[in-house]
Amino acid sequence: MQKKKYWQTKIKYLLVLLSIWFTVSILCSIVFVHQLNAVKLGGFPLGFWFAMQGSMIIFVILIFVYVRLINQLDKKYKAEN
Amino acid sequence: MDVQTLTLIFVTASFALYAVIAYLSKARSTQDFYVASGSVSPFANGMATAADWMSAATFISLPGIVSFMGYDGAVYLLGGSGGFVLLALLIAPYLRKFGKYTIPAFIGDRYYSNTARSVAVICAIFISFTYLAGQMRGVGVVFSRFLEMSIDTGVYVGAGIVFIYAVWGGMKGITYTQVAQYCVLIFAFLVPTIFLSILLTNNPIPFLGLGDTVADGSVHFMDRLNGLEKELGFREFTAQRSATLNLVAMALTLMIGTAGMPHVIIRFFTVPKVSDARKSVGYALLFITILFLCIPAVGAFARTYFLEAINNQPYANVPQWFNTWEGIGLITFNDLNGDGIIQYLAGENNELIIDRDILFLASPEIAKLPAWVIALVAAGGLAAALSTAAGLLLVISTAISHDLLKKQFTPDMSDKQELLAARICSALAVGVGIYFGIHPPGFVMETIALAFGIAASALFPAIFLGVFYKKMNKEGAIAGMLTGLIFSLSYIIYFRFMGGDPNDYLLGISAQGVGLPGMILSFVVTMVVSRFYEPAPADIQELVEEMRYPEDV
């Protein structure tokens, strides 16, 4: 694998994961909290739940997905070089 | 046994444990002292980072903040956790690959400039001391409340124990004591929270309990709490109170500030490989999230208690703990209408003032839990404060011994001499910590806002561009760091200490959200100034290039 391609793939992963990060933490939890609160998740208004719990759970998942993606990418890179 | 004896036993036992660990992990070289020789497993480092990150403010103050601010308090949770995504994706693995001991060392070498190094030293020391003051204060409060010592004695005892393992063991000692401290603090936090959750909702898992129905199953817990708040004229617990843009700025300042916090970043220099650094951030956030998820629960549960069991009760009938906290001035009851009954309301007829910081510390007593739970919470609060204090001390001492002495003033030092210098600096920093603990600046919360503002606006852009923009030169970086530093500093000083009118806030952004505009400004200045000078030299660009690819290729 070309160095350039490796780096571009990594940047692509970053952009996708960071847009999810931004969507849950800033958009769902703060900017659109009012609209989401109209929906109920169990006893929680949905927007409130994103702010207090949902975002954090998604953050943890995001990091472990990233770890997996990069480990695979590294493996491929090393194998081809 | 009474609470005080039990507390004494728990606190002494946990301190003895930390001292033993410190004894077993003496630092033998600067490598040991600065980065534990890069030998910490990602899992252990995750725990250590979680303890490092969760401070006295997290353990003692956050449940109270969420309890009293309701939904708005979530920005602190979002900020404290979301920054780890940035750390994992943008910072930690790259800096681990670069292979330096400290943040100023990264900035100094990446920007081939001792001026850049010194500006980073100033930022790192400033951030760490403001933070340290808060920790020492937390130690003092716990000692005075639970062991009825004076706050001063508490500060001395706490500083003494940090002194032992930070000065003796350096990063190596700190790491393994932090692992132990994480175990103590998470246990101490979960036990009362779980009890409260069962009591109020019959659900043993606090963060699920918060969304469950109340114990008799009649209504959702959140609806009941919202109803209570409304009845007494408060805003609903789930309702937004501040302006949206201000909340966004606060959340982003905290997140980006977290990703630029020196005492957090250096934790990822202690793992063996770059891939371990990534994984380790994941573990760290997982361990933090376990506690953070319970914060809104314990906050809401305790809030309900105050609204239901204290409001409208005759003052003569209040429980014992109410009087104890009243005795040290953290609860104030002022019987305005002279009817002997506590009226806890929004507005001017309110007769009860509760200090936010007591909420979690009082929660075991609120839930009428056995004395050992109260003792456990005291030990947990100390663990949270001491673990963070140790990480901060390390940043301060290494910034001086490595980045100022070794790299600039006395480059001929042997490794042994540098190690001694690091120990002396660490000891001196403990001394300053004691001073702040005993003579606390009355504005600890404000200065912590400042620490995040500076980390977000001065350090984060320089580190980020150092990794992702290889042509970035020293002129741009220095100009950007200084701009971020000066902007945040003046914004906060003007609005917090010189009586600036909140109506003049930039776009309504409060001092706690200053990191967002500060960071944007810093990025712009960095980019513009860098255009006027030569790009970074070829060998530096090559170094940056190296950071981006896996090791051993």
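Select B:Ala36 to start: at 1% relative accessibility this residue counts as buried (buried is under 20% relative accessible area, exposed over 50%, partly exposed in between, with a 1.4 Å probe and protein chains only). B:Ala36 sits in the loop between α2 (30-35) and α3 (42-53) of chain B; helices here are DSSP runs of H or I with at least four residues, strands are runs of E with at least two, and both are numbered from the N terminus. Check the backbone as well: phi of B:Ala36 is near 50°, a positive value in a residue other than glycine.

A note on the model before moving on. This is a predicted model, in which local features need pLDDT of at least 70 and side-chain atom pairs count only at pLDDT 80 or more, while totals for chains, interfaces and linings use all residues. Residues are numbered from 1 along each chain as its sequence is written, chains are lettered from A and ligands numbered from 1 in the order in which they are written, and side-chain values use heavy atoms, with hydrogens and water left out.

**Next stop: B:Tyr112**

Go to the loop between α6 (103-110) and α7 (114-146) of chain B, where B:Tyr112 is placed. B:Tyr112 is not a glycine, yet its phi is positive, at about 35°. Is B:Tyr112 buried or partly exposed? Its relative accessible area is 26%, so B:Tyr112 is partly exposed.

**Helix α8: B:Thr193**

Select B:Thr193 in helix α8 (residues 151-201) of chain B. B:Thr193 counts as buried because its relative accessibility is 0%. Which residues does B:Thr193 touch, leaving aside neighbours within four places in sequence? The contacts (heavy atoms within 4.5 Å) are B:Pro206, B:Cys294, B:Val298 and B:Phe360.

Show B:Ile520, B:Val524, B:Val528, B:Phe532 and B:Tyr533 together; they make a nonpolar surface patch of about 520 Å². Patch residues have over 30% relative accessible area and no salt bridge; like charges are joined within 9 Å, and nonpolar side chains (Val, Leu, Ile, Met, Phe, Trp, Tyr) within 5 Å. A salt bridge is a side-chain nitrogen of Lys or Arg within 4 Å of a carboxyl oxygen of Asp or Glu. Areas come from the Shrake-Rupley method with a 1.4 Å probe, and for residues only the protein chains shown count as cover.

**Chain A as a whole**

Now hide chain B. Chain A has three helices and two strands, in the order α-α-β-β-α from the N terminus. Its C-alpha trace spans about 55 × 20 × 15 Å along the principal axes. Of the 81 residues of chain A, 51% count as buried.

The mean is 89, and 100% of the residues reach 70 or more. Within chain A, confidence is lowest in strand β1 (residues 40-41), with a mean of 81, and highest in helix α1 (residues 3-31), at 92.

**Last stop: A:Val31**

A:Val31 is partly exposed, with a relative accessible area of 33%. Beyond its neighbours within four places in sequence, A:Val31 contacts A:Ile26, B:Thr244 and B:Val248. For a distance check, pick A:Gly47: 16 residues from A:Val31 in sequence, and 9.4 Å away C-alpha to C-alpha.

How values were computed:
pLDDT = per-residue confidence, 0-100.
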